[in-house]
Structure formats: C-alpha cells, structure tokens
Amino acid sequence: MSTNEKPRIGTAVAKIIFGLLFLDVAIAPDPEFGAESRGVAIILGVALLLWAYYPFRRWKKYKAVLREEMEREDKEIDALKAALRNRPWTCPHCGANTKGDVCEYCGSAKPRT
Ligand SMILES: [Zn+2]
C-alpha cells in the first residue's frame, strides 16, 4: 500500500464496524466468554478502531507537510520577485542607473522587458 494515499472512507467504516463487533462481543453478558476471550476481543476491537483512524491521521500529516512546502516555495518566489523588482536598470530616457518601478532621476516608468 502506498504511504501517501488518501484514505478510503469505506475501508475505514468496515474496520470500525468490525472493531465495534469485537467490542460488542467483549462486553456482551455471554457466560461462554471468559475474561481472557473478552480481553482478546477488546484488544482486537481497539486495534481495528485505531487501524481505521490511523490512515486519516497520516493523511492529515502528509497534507500539512505539503502545505508547509508550498508556503516555503511561495516565499522563495516572492523573494525572487522582489529581487527582480529591485534589480538596477538603466533609464532609457535620462541614461541614469536606477532601480524600482520608476526612474529615481527623471520619473519615467521602467520599460517592460
Ligand atoms: Zn530616467
């Protein structure tokens, strides 16, 4: 099974149903079941419930990691854009070396490249 797969609701529901069945057996007032059988049923039931829940937790974590990566990349892109904006350019109108969107000397707009 792939580790970063989106969990399926149907699979989780089946696990929960089986888990609840085991727990139901564990607490049922049936004299045929001894303490040991009840213990095993409780362990299996709880294990099934955790097994149903675990893929969702892992999926949530994976999505959080993805979101963090995207935010970091967005910041890198913003930094690159800012660096590009602040790159010095030569004004075609007055010939001065300037930076920003408008020539600092004659006020002409930066030509689109
Ligand atoms: Zn200029």
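Figure 1. (A residue is buried if 20 or more other C-beta atoms lie within 10 Å of its own, exposed if 12 or fewer, and partly exposed in between, with C-beta atoms placed from the backbone.) Pro-55 belongs to helix H2; helices (H or I, at least four residues) and strands (E, at least two) are DSSP runs, numbered from the N terminus. Between the C-alpha atoms of Pro-55 and Lys-6 the separation is 7.9 Å, although these residues are 49 residues apart along the chain. The model is predicted: local features need pLDDT of at least 70, side-chain atom pairs count only at pLDDT 80 or more, and totals for chains, interfaces and linings use all residues. Residue numbers start from 1 along each chain as its sequence is written.

**Figure 2. Tyr-53 is shown in helix H2.** Is Tyr-53 buried or partly exposed? Tyr-53 has 15 C-beta neighbours inside 10 Å, so this residue is partly exposed. Tyr-53 and Val-25 are 28 residues apart in sequence, and their C-alpha atoms are 21 Å apart in space.

**Figure 3. Lys-61 is an exposed residue of helix H2.** Lys-61 is classed as exposed because 11 other C-beta atoms lie within 10 Å. From Lys-61 to Asn-4 there are 57 residues in sequence, while the C-alpha to C-alpha distance is 9.8 Å.

**Figure 4. Helices H1 and H2 pack against each other.** Helix H1 covers residues 9-27 and helix H2 covers residues 35-85; their axes are 8 Å apart and form an angle of about 160°. Axes are lines fitted to C-alpha atoms, for helices over the stretch in contact, and angles run from 0 to 180 degrees between N-to-C directions. H1 and H2 are therefore roughly antiparallel; angles under 35 degrees count as roughly parallel, over 145 as roughly antiparallel, 65 to 115 as roughly perpendicular and the rest as oblique.

**Figure 5. Residues of both helices form the contact between H1 and H2.** Among them are Ile-16, Phe-22 and Leu-23 of H1, and Ile-42, Leu-48 and Trp-51 of H2. (Two residues are in contact if their C-beta atoms, placed from the backbone, lie within 7 Å.) By class, this contact has 16 nonpolar, two polar and two charged residues. Ala, Val, Leu, Ile, Met, Phe, Trp, Tyr, Cys and Pro count as nonpolar, Asp, Glu, Lys and Arg as charged, and the others, Gly among them, as polar.

**Figure 6. The chain contains two helices and two strands.** Along the sequence, these elements follow the pattern α-α-β-β. The C-alpha trace spans about 100 × 20 × 20 Å along its principal axes. Buried residues make up 4% of the 113 residues.
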